[in-house]
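Work through the exercises below with the model open. Each task is followed by a solution in steps.

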Amino acid sequence: MTSTANSVWWQPMTFAINQCQGFRIGALQLYLQRQAKQWLIATDNLGDDTKVPVQQYNVEMIPGHLQPQRYMFTKSPNVCRLVPQLLDRSVVVKTLQPVSIPPGEQATFYISSPVCISVVLPAANAEKSELILTDIAVQRLSDTWFGPSTQIGELCYADKTHARHSQAELKCRPHRAITPVQVHNLSEQMLAVDKISIPVPLLALYGDLNGNLWTDGLTLHHKSSQSLASFKIDKLSITTQQAATMLSPPRKKAEKHNLIRAFTDMLSDQRG
Amino acid sequence: MADFILTWLQHEQLRNILLAILSVILGFLIASIAARAVEKTFKSNFSQHHIVLFKRLVYWLVLALFIASALNQVGFSLSVILGAAGVLSVAIGFASQTSASNIISGLFLIGEKPFQLGDTIKVGSTIGEVLSIDLLSVKLRTFDNLFVRIPNESLIKSEVTNLTRFPIRRFDLKLGVAYKENIRQVRELLLQVADNNPLSLDDPAPVFMFLGFGESSLDIQFSVWAKREKFRELRNTLHEDIKVAFDAAGIEIPFPQRSVILTHANDK
């Protein structure tokens, strides 16, 4: 078994018949196998997501203890692509250490959120779109509720962040996408940032040549303690010096009511 | 033979009867078309159970008009029928008190909207999904797939719990640990279990409550929030996770014990 580090792992791959490949992406272990009339996909969760970058290797067959999902074809396509995508719900990240922004100041945080991987086969003909076999979350995040009460709000994923503020400190983790969040405190009070909701379904995902994943940036304006923040999505700017390609467009279009909801819920104020 | 039929057809009474039948048939047709039109018109703006109500109202109103005109055609005088109905209604009113009470309760239920079609409600000991809200009764489907009809009157009178009104729910787990256990360690462990369970919401945070000193255990309530649809799954997994975590940490969940001391009668 030879293992190679693959930084740009979202490129199309060609599979011979009965070829089986294993991928290690964060804590996710993924196996793909092509047979003459079917594709087999099996996943395993290894719990440890510190191993970087993505490892790709040939294996003889999918390990016996895993139950692969089978996808049947008359003749199985020979090209396959792994496409990283952002999650389908907003991610609420808690800062590991308390962070405060004094009045009139602004700060940029780099907040990462785990992605999910789509296994995509090419279109059978030009008229059809690509075929997404499955969508696998690299890391299963806990559910959380984000809203002013238990009746109003939205269901999100919960995650924790270091809220790093310098690009140099960022760790390269191929299974997490980094969102630059710029917070302007325009109010006259100290703003405590203990939680930030990142509306990832509204953001596009980009990949650079080093295998880093980036999303569009967010800018938040905090005006008063009542109406919390207005936010706008900035098109990707952080990696303009490197060639970044868009890997997946936003899952949802930002609608008017989305903006209003985010407007009042984006940041949480200091809680007692 | 043909002459015979023609003579019959020319007979006025028979013609009226035929016209009356025709108008009833037409009534059925137009009523169902009108009901469907109502459904289409209100589909985007009204809730499902209001649409069903409008539909039925329009259907019966249109049909009643056609039946009245058919009766008129046959020769019944409507004023006499209505007069008779007035007298009858007093008698019927006494006889059908329950139905009238159900109908009025039904109107209140529809106005008040404590639940909608598709909601899961609990009435007394019955829990089920609401299939329809009618003038006389509400129909439920229980989770063991039984059909339950509950009269509106009893719904108005009794306590109704809507289990699916709000998007998240709290699960209150009551458990006891042995007196020898360190309660702080138990709290840390339970919070850790909730943190590791992806179905338990981070916010609102799980709540640990030390209820007091029970007969044979330290009584604890541990409340965890979950998404409405995942409530049952959380209840199952949390029980399992806690048992596993307690076993691993050597924390004992006691059960009531009685000490029985046997003495010999001769010892006295």
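A salt bridge here is a side-chain nitrogen of Lys or Arg within 4 Å of a carboxyl oxygen of Asp or Glu. The model is predicted, so local features need pLDDT of at least 70 and side-chain atom pairs count only at pLDDT 80 or more, while totals for chains, interfaces and linings use all residues. Residues are numbered from 1 along each chain as its sequence is written, chains are lettered from A in the order in which they are written, and side-chain values use heavy atoms, with hydrogens and water left out.

**Exercise 1.** Find the salt bridge across the interface of chain A and chain B.

Solution. Step 1: the rule finds one salt bridge across this interface. Step 2: the partners are K195(A) and D203(B), whose closest N and O atoms are 2.7 Å apart.

**Exercise 2.** Describe the contact between chain A and chain B.

Solution. Step 1: with contact taken as heavy atoms within 4.5 Å, chain A contributes 15 residues and chain B 14 residues. Step 2: the buried area (accessible area, 1.4 Å probe, that two parts lose on being put together, summed over both) is about 1300 Å², and carbon and sulfur atoms give 55% of this. Step 3: on the chain A side, D143(A), W145(A) and T150(A) lose the most area to chain B, together 38% of what that side buries.

**Exercise 3.** Which residues line the largest cavity?

Solution. Step 1: on a 1 Å grid over the protein atoms alone, a cavity is a set of points where a 1.4 Å probe fits but cannot get out, and lining residues have an atom within 4 Å of a point. Grid points are joined across faces, edges and corners, and a volume is the space filled by probe spheres set on the points. Step 2: the count comes to three cavities of 30 Å³ or more, and the largest has a volume of about 60 Å³. Step 3: its lining consists of V92(A), K94(A), T144(A), W145(A), A158(A), D159(A), K160(A), K195(A), D202(B) and D203(B). Both salt-bridge partners, K195(A) and D203(B), are therefore on this list.

**Exercise 4.** Sort the lining of the largest cavity by residue class.

Solution. Step 1: Ala, Val, Leu, Ile, Met, Phe, Trp, Tyr, Cys and Pro count as nonpolar, Asp, Glu, Lys and Arg as charged, and the others, Gly among them, as polar. Step 2: the lining then divides into three nonpolar, one polar and six charged residues.

Methods
1 Å grid on protein atoms, 1.4 Å probe; cavity = no way out; pocket = protein on both sides within 12 Å on 5 of 7 lines; lining within 4 Å.
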